[in-house]
Amino acid sequence: MMDPGAGPTTTIPNTEGLPSVTPLQETETPAAAVQRWAFLVSQRYQHFLDKSTPFLLYRWIIFCAIAIIYAIRVFFVQGFYVVSYALGIYILNLLIGFLSPQVDPEFQDLSDGPTLPSRSSDEFRPFVRRLPEFKFWYSITKAFCIAFVLTFFTIFDVPVFWPILLFYWVILFALTMKKQILHMVKYKYVPFSFGKQRYNGKRASSTESASLLPRD
């Protein structure tokens, strides 16, 4: 018999073997879970991009493969010329940023950023692009990937006479490059590494040793 003076007995459930659930996981909504998952994916993606930065040759090989795949796709479907034209205009815009200095010499007096040497006696300074090489590669590769995806949607296949678009793009490219080349000639800079002054430690040391030799 149960003692009438005793209080009600409580049964303690056996929780051994069950995973512990934190209060954060109990109250996490589906939207918060998706947001957390998207953050983890973007973090992994950014880590992959950071690791690929020094592999310049392999990155551009991947870009060439993507560009060839897109060209083959457009050639076989015989359409999406408006998408290709918009892609060409975007690439031209990226190319101008890649070939331009970070600070325009016309406005370098108003800026505190790095400037280009204007005289032969000036100290050598490396060319700093407005659009760095990695961002140029990443933007142009992403643009080709997006354009390739758009070729699977017929809504973007606008009928147009493609030679007109090609002719207009060639004219626009020629005029833009002419303007950029005149800008390079006017301010005497080259947006590439070849042909620039390089310092050789051995030559400097040999010159110094030769100057220390006694003369007759």
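1. A residue counts as partly exposed when its relative accessible area lies between the buried limit of under 20% and the exposed limit of over 50%. In this predicted model, Pro 132 has a relative accessibility of 36% and therefore counts as partly exposed. Pro 132 belongs to the loop between helix H4 (81–99) and H5. Its C-alpha atom is 9.5 Å from that of Leu 99, although 33 residues separate Pro 132 and Leu 99 in sequence.

2. The unreviewed UniProt entry lists residues 56–76, 82–100, 136–154 and 160–177 under "transmembrane region". In the model, residues 56–76 are 100% helix and 0% strand, with 31 Å between the end C-alpha atoms. Residues 82–100 are 95% helix and 0% strand, and here the end C-alpha atoms are 27 Å apart.

3. Helix H3 (residues 56–77) and helix H5 (residues 133–150) have axes that come within 10 Å and cross at roughly 25 degrees. Because angles under 35 degrees count as roughly parallel, H3 is roughly parallel to H5. The crossing of H3 and H5 is left-handed.

4. On the H3 side, the contact with H5 includes Leu 56, Arg 59, Trp 60, Phe 63 and Arg 73. By residue class, the contact of H3 with H5 comprises 15 nonpolar, one polar and three charged residues.

5. The axes of H4 and H6 also come within 10 Å, and they cross at roughly 5 degrees. H4 is therefore roughly parallel to H6. Among the H4 residues that meet H6 are Tyr 81, Tyr 85, Gly 88, Leu 92 and Leu 99. The H6 residues in this contact include Trp 162, Tyr 168, Trp 169, Thr 176, Gln 180 and Met 184. The residues of the contact of H4 with H6 divide into 16 nonpolar, three polar and no charged. Leu 99, named here as part of the contact with H6, is also the residue whose C-alpha atom lies 9.5 Å from that of Pro 132.

6. His 183 is located in helix H6 (residues 162–187). With a relative accessible area of 17%, His 183 is buried, since buried means under 20%. Leaving aside residues up to four places away in sequence, His 183 touches Asp 104, Pro 105, Glu 106 and Tyr 189.

Technical notes:
Residues numbered from 1 in each chain as written. Predicted model: local features only at pLDDT ≥ 70, side-chain atom pairs only at ≥ 80, totals over all residues. Heavy atoms only, no water. UniProt positions renumbered as here; feature names shortened; annotations may be inferred. Helix = DSSP H or I, 4+ residues; strand = E, 2+ residues; numbered from the N terminus. Axes fitted to C-alpha atoms, helices over the stretch in contact; angles between N-to-C directions. Parallel < 35°, antiparallel > 145°, perpendicular 65-115°, else oblique. Left-handed = near helix turned anticlockwise from the far one by under 90°. Contact = heavy atoms within 4.5 Å. Nonpolar A, V, L, I, M, F, W, Y, C, P; charged D, E, K, R; others polar. Buried < 20%, exposed > 50% of the residue type's maximum accessible area, 1.4 Å probe, protein only.
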